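Subject: Structure handover

Hello,

Please find the structure below. My notes on it come after.

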Amino acid sequence: MKIEHNGTLMRIYVSQSRQRGHADVHRLIVEALAEAKISGAVAFLGIQGYGRHNYISSANIADAYVDLPILIEAVDDDDKIRGFIPKLESILDDGLVTLERLQTIFYRVSDVAD
């Protein structure tokens with residue numbers, strides 16, 4: 001199905017090691033996005049990166065401690081994305097969040113019945 005739609009892309013940058021209680025923050029965020037019925041989200045594990053402390057973490061370094069970056073992207077209408085921010089703030093105590101306007105060109109849904 002071809003659609004043209006303006007929306008917002010939310011990017012959430014966190015460290016793999018971030019925890020809330022005994023849960024991984026990136027997992028809590030993706031679960032909260034699904035609960036909020038945000039149209040779509042995906043979490044990517046980075047192979048290298050650094051944040052505000054300028055410590056480069058890399059999957060190529062043979063260190064005992066590797067804290068790789070995780071990028072979570074979520075897409076939906078601007079009001080739904082912005083409405084999710086208070087929930088995100090309750091989960092995320094350290095990380096970077098950016099918003100970007102986007103245009104969806106197409107979205108394909110399988111015609112196979114469930």
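Predicted model: local features only at pLDDT ≥ 70, side-chain atom pairs only at ≥ 80, totals over all residues.

Residues are numbered from 1 along each chain as its sequence is written, and side-chain values use heavy atoms, with hydrogens and water left out.

Salt bridges

The structure holds 8 salt bridges, each being a side-chain nitrogen of Lys or Arg within 4 Å of a carboxyl oxygen of Asp or Glu. Three of them are described here.

One of them pairs E100 with R11, at 2.9 Å from N to O. E100 sits in strand 8 (residues 96–106) and R11 in strand 1 (residues 2–15), so the bridge links distant parts of the chain, 89 residues apart. Helices (H or I, at least four residues) and strands (E, at least two) are DSSP runs, numbered from the N terminus. Both side chains belong to residues that are partly exposed: E100 has a relative accessible area of 37% and R11 one of 22%. On this scale buried means under 20% relative accessible area, exposed over 50%, and partly exposed in between (1.4 Å probe, protein chains only).

Another salt bridge joins R18 and D93, at 3.0 Å from N to O. R18 lies in the loop between strand 1 and strand 2 (19–20), and D93 in the loop between helix 2 (78–91) and strand 8, so the pair ties together parts that are 75 residues apart in sequence. R18 is partly exposed at 27% relative accessibility, whereas D93 is exposed at 55%.

K80 and D76 also form a salt bridge, with their closest N and O atoms 3.5 Å apart. K80 is partly exposed at 32%, while D76 is buried at 6%. Through shared partners, salt bridges join R11, E73 and E100 into one network.

Leaving aside neighbours within four places in sequence, I12 is in contact (heavy atoms within 4.5 Å) with I29, I70, L71, I72, L88, L92, L96 and V97.

Regards
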